[in-house]
Amino acid sequence: MRMQIVMPQLEVHRFSSPFENTPHTHDDQYQITIPLQGTCHFTHEHKQLALPPGEGIVLQPSDRHSFYIGDGTGVVVIRIRPESLYPGDSSVYSEPRHRKQFDVSRVSRVFRQWTADMMALDMADPLVEEELEARMICDLRELIWERTVPASPKMVAADRHLAQVLEYVHAHFTEQLSVSSLAAMAMQSRYHFIRSFKSLTGVPPYQYVLQLRVREAMEQLKKSADTVTDISFNLGFSSTSQFFRAFAKMTGMTPEQYRKSEGRR
């Protein structure tokens with residue numbers, strides 16, 4: 001069995017039961033292979049390795065490799081671009097060790113959270129995908145270096161650049177927004193921007209935008225005769241079903257129920 005999550009900057013693959021691949025390389029990606037149960041029979045540049053649970057191997061781009069697993073074995077493979085592996089504003093992170101012991105329960109928990117987020121979130125919205133990818137990269141960095149990526153010194157509520165971002169979001173929340181463009185406006189990396197934005201507002205950028213859209217939808221449902229579909233489209237929701245989910249989560253009722261309740265007042 002194989003599960004996978006593919007993002008622009010990283011890929012995550014979960015292999016279980018019998019699996020074997022042929023020798024190959026990834027020219028522009030690091031690869032981190034972590035056995036979760038059973039033994040992973042790994043070949044790295046013609047050297048044979050037997051990796052027990054938690055005994056991970058970190059490959060440089062272009063390292064030639066392959067592996068084989070039998071019944072009852074599970075392995076997580078993570079591939080990430082070099083520019084995303086290291087914090088862009090930190091010089092204290094050394095090259096990852098070639099062999100590293102990982103906490104199997106922690107890796108399993110992180111993988112389950114990534115998978116659950118993929119299933120629960122609306123990945124049609126670019127803002128959602130960028131946020132999830134940034135969180136995944138931060139989680140991976142912490143797994144490798146066993147410490148939290150240091151926060152940017154700009155992570156303060158008084159930051160004038162963050163204030164400009166908030167002003168921009170309030171003016172353009174019905175449009176497609178991206179973490180990359182907002183982070184550039186805040187003069188921070190994507191990863192630090194998400195953390196500093198949440199520190200300031202209490203929620204990550206995507207949830208903040210959803211709240212603005214739902215609040216505006218509430219006003220339009222009260223004051224206009226536009227259909228729910230038209231309101232959903234005009235406010236930038238990727239689909240009517242996404243609008244219904246966000247509205248119900250925030251208000252406890254569907255858009256139609258809300259409109260009826262307001263009409264009786």
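## Basis of the model

The model is predicted; local features need pLDDT of at least 70, side-chain atom pairs count only at pLDDT 80 or more, and totals for chains, interfaces and linings use all residues. Residues are numbered from 1 along each chain as its sequence is written, and side-chain values use heavy atoms, with hydrogens and water left out.

## The chain overall

The chain has 10 helices and 10 strands. Both are DSSP runs numbered from the N terminus, with helices being H or I of at least four residues and strands being E of at least two. The C-alpha trace spans about 75 × 40 × 30 Å along its principal axes.

Of the 265 residues in the chain, 49% are buried. Buried stands for under 20% relative accessible area, exposed for over 50%, and partly exposed for values in between (1.4 Å probe, protein chains only). The chain exposes about 13,100 Å², and carbon and sulfur atoms supply 52% of that area. Accessible areas come from the Shrake-Rupley method with a 1.4 Å probe; for residues, only the protein chains shown count as cover. Among contacts (heavy atoms within 4.5 Å) between residues at least 6 apart in sequence, 71% join residues at least 24 apart.

## Helix α2

The buried residues of α2 are V107, S108, V110, F111, W114, T115 and D117. Their cover includes strands β1 (2–6), β2, β4 (30–37) and β9 (74–80), together with helix α3 (126–145).

Strands β5 (residues 40–44) and β6 (residues 47–51) pair in the antiparallel sense over five bridges. Two strands count as paired if DSSP finds at least two bridges between them. F42 stands opposite L49 in β6. Two residues lie between the strands of this hairpin, where E45 takes a positive phi near 50°.

## A buried arginine

R14 lies in strand β2 (residues 10–16). R14 is buried yet has no salt bridge, and D71, the nearest side chain of opposite charge, is 12 Å away. For charge, Lys and Arg count as positive and Asp and Glu as negative, while His and the chain ends are not counted. Beyond its neighbours within four places in sequence, R14 is in contact with M1, R2, M3, L36, G74, V75, V76 and F111.

## Salt bridges

The structure holds 10 salt bridges. Each has a side-chain nitrogen of Lys or Arg within 4 Å of a carboxyl oxygen of Asp or Glu. E11 forms one with R79, with the closest N and O atoms 3.2 Å apart. This pair links distant parts of the chain, E11 in strand β2 and R79 in strand β9, 68 residues apart. E11 is buried at a relative accessible area of 19%, and R79 is buried at 12%.

The side chains of E142 and R106 also meet in a salt bridge, 3.8 Å from N to O. E142 is in helix α3 and R106 in helix α2, 36 residues apart. R106 is partly exposed, with a relative accessible area of 27%. E219 and K223 meet at 3.1 Å, N to O; being four residues apart in helix α7 (residues 205–223), they are separated by about one helical turn. E219 is partly exposed at 29% relative accessibility, whereas K223 is exposed at 68%. E130, E133 and R190 are linked in a network of salt bridges.
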